[in-house]
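Please read it alongside the structure.

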Amino acid sequence: MNYKEIYNANGYLIIKNLIKEEIILNVLKSLEDFKKKRKYYYTQSNHTWVRSNKVTEHGFLIDSIQSPTKQKNCGDLKFTVEKAISCKEISDILSEISGFNKFVNWQNMLFDKSTGTLDHADTWYLDTLPRGQMIAAWISLENIKDEAGRFFVYPKSHKLNIRENITKEIKDHYEYAKFIKKYIEDNRLKKYAPILNKGDVLFWHPFTLHGSFNQKKNNFSRKSLTAHYHHVGAKRVDSAESQKMVKKYMNKMRKSSNPAIYFDNSDPSDFKFTHISFAKWLLKKFLYKNKDLRRAIMNRKIIENKK
């Protein structure tokens with residue numbers, strides 16, 4: 001079978017040693033440089049801002065980085081990640097799987113260690129319209145040991161008739177996680193955590209159930225990237241269902257060094273990375289630390305509630 005047939009049959013595809021050594025080394029070097037600084041970055045782990053020197057006792061970033069390609073504070077890390085997830089090797093596989101030639105990277109994340117990810121299908125969070133055309137990639141930046149907390153998939157789960165893949169009747173993330181957990185248990189689905197080494201890439205379908213284990217031992221890192229792509233011009237569930245909104249995101253796309261891949265400056269999550277949002281966060285942090293101001297704000301709220 002060719003790559004497209006394997007992807008369609010299993011809901012995922014693993015390509016060994018796809019990313020060049022030089023590209024990976026540049027990402028790793030810029031990551032270590034970034035951790036030595038006290039730069040703020042936005043994290044996907046708990047949807048807030050943290051310092052880049054917030055690391056574990058073994059020197060790993062405690063929190064993942066959400067869309068480092070959109071965060072100027074990430075410095076050189078922003079550009080080395082861009083280079084990795086927009087390389088020709090990635091776009092060639094995307095093209096073979098999908099049949100399209102130009103793609104936009106919608107979202108990406110960087111992990112220094114495993115933060116653990118609950119079982120889910122991406123389509124509940126973000127997908128194309130019609131659903132199922134988005135393609136995700138998990139890029140290993142080192143040899144991932146079992147103790148590090150490996151990424152896993154449920155083979156062929158993209159073919160299952162899971163109502164939340166289409167209806168999205170559940171609105172709460174935690175309720176959705178419980179629904180998926182029960183579905184997996186009721187249907188006795190088996191997860192597969194492949195051995196992935198430096199440069200290996202796992203591509204998966206937005207309906208494919210997947211997640212990642214927590215660290216089993218704290219001294220094992222799990223340096224990796226995830227990236228979500230769809231073809232340029234595709235509609236998006238919720239955020240770009242009209243042609244007018246499609247044109248809007250296309251007008252905001254940034255070129256990469258690869259003419260087949262663009263970067264999107266909008267983000268599908270609640271995270272809005274702007275200087276204004278960062279300023280608001282800093283102001284809120286300052287107000288919270290200032291006891292007198294905080295007490296005044298609380299008293300004002302009490303008065304307003306009584307009214």
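The points below are grouped by topic.

This is a predicted model, in which local features need pLDDT of at least 70, side-chain atom pairs count only at pLDDT 80 or more, and totals for chains, interfaces and linings use all residues. Residues are numbered from 1 along each chain as its sequence is written, and side-chain values use heavy atoms, with hydrogens and water left out.

**Confidence**
- The protein chain has an average pLDDT (the predictor's confidence in each residue, from 0 to 100) of 90, and 86% of the residues score at least 70.
- Where pLDDT is low, the predicted coordinates should not be read in detail.

**Cysteines**
- The count of disulfides (cysteine sulfur atoms within 2.5 Å) is zero.
- C74 is buried at 2% relative accessibility, and C87 is buried at 7%; buried means under 20% relative accessible area, exposed over 50%, and partly exposed in between, with a 1.4 Å probe and protein chains only.

**Aromatic rings**
- There are eleven aromatic pairs; rings of Phe, Tyr and Trp (its six-membered ring) pair if their centres lie within 6.5 Å, and planes under 30 degrees apart count as stacked, over 60 as edge-to-face and the rest as tilted.
- F152 and F213 form a tilted pair, 4.8 Å centre to centre with 50° between the planes.
- F152 is buried at 1%, whereas F213 is partly exposed at 28%.
- W124, Y125 and Y176 are linked into a cluster by ring pairs.
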